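I opened my notebook to look up pockets, surface patches and charged pairs. My notes follow the display.

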Amino acid sequence: MSEIVSYEELLRRGYLIVSPNGRSMWPMIKTGRDTVLIEKCEGRLKKYDIPLYKDKAGRYILHRVIKVTPEGYVICGDGVCYREYDIRDENVLGVVKGLYRREKFIPTDSFSQKLYARVWVGLIFMRKPIVFLNLRLTSLKTRILKRFGRKNRSRE
């Protein structure tokens, strides 16, 4: 019989590798494509870190630190426009150390990831139109693929 182990217990044992779902960390993390390596958090987080934390509803969330305050952190997902202000050290379970994309490991402290984080956080005022445009293009692509798929099936 297999034992159900919590994220907290796995992180106490060392590290955790998960395939996140959702759009809140797009474009950095894409559901179905990327897997993230999370390690136990030692000390305070820094700006641009991506913590795994548990929200008030008990959900596990990966979002980026955009500001460190004496009380905690201001956090925002890369693919969303709203900020969270009530995240404290006791909510944080671990921090993302890298991601696997097509079997290649990309550490979060690599030059490309540091540059991405700084640019993306710097463009936070542009997120709303970027996210809106991405949602519209994704919706359009889905409709086109569905229509194209139906035509192909009718020919067979």
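Before sorting residues, I wrote down the classes: Ala, Val, Leu, Ile, Met, Phe, Trp, Tyr, Cys and Pro count as nonpolar, Asp, Glu, Lys and Arg as charged, and the others, Gly among them, as polar. I also noted that this is a predicted model.

Entry 1, the largest pocket. I found about 420 Å³ of space in the largest pocket. Its lining has 22 residues, and Lys46, Asp49, Lys97, Thr108 and Asp109 lie nearest the centre. Strand S2 (34–40), strand S8 (92–101) and helix H2 (111–122) each give two or more residues to this lining. H2 gives the most, with four residues. By class, I listed eight nonpolar, two polar and 12 charged residues in the lining.

I looked up a nonpolar patch on the surface formed by Phe111, Leu115, Val119, Leu123, Phe125 and Met126, with about 610 Å² of accessible area together. Phe111 is in helix H2. Phe111 counts as exposed because its relative accessibility is 67%, and exposed means over 50%.

How many salt bridges does the structure hold? I recorded nine. In one of them, Arg44 pairs with Asp89, the closest N and O atoms being 3.1 Å apart. Arg44 lies in the loop between S2 and strand S3 (51–54) and Asp89 in the loop between strand S7 (84–87) and S8, so the pair ties together parts 45 residues apart in sequence. Asp55 forms a salt bridge with Arg59, with the closest N and O atoms 2.5 Å apart. Asp55 is buried at 15% relative accessible area, whereas Arg59 is exposed at 52%. I also noted a network of salt bridges linking Glu9, Arg12 and Arg13.

Notes:
Residues numbered from 1 in each chain as written. Predicted model: local features only at pLDDT ≥ 70, side-chain atom pairs only at ≥ 80, totals over all residues. Heavy atoms only, no water. 1 Å grid on protein atoms, 1.4 Å probe; cavity = no way out; pocket = protein on both sides within 12 Å on 5 of 7 lines; lining within 4 Å. Points joined across faces, edges and corners; volume = space filled by probe spheres on them. Patch = residues over 30% accessible without salt bridge, like charges linked within 9 Å, V, L, I, M, F, W, Y side chains within 5 Å. Areas by Shrake-Rupley, 256 points an atom, 1.4 Å probe, with all protein chains shown as cover. Salt bridge = Lys/Arg side-chain N within 4 Å of Asp/Glu carboxyl O. Buried < 20%, exposed > 50% of the residue type's maximum accessible area, 1.4 Å probe, protein only.
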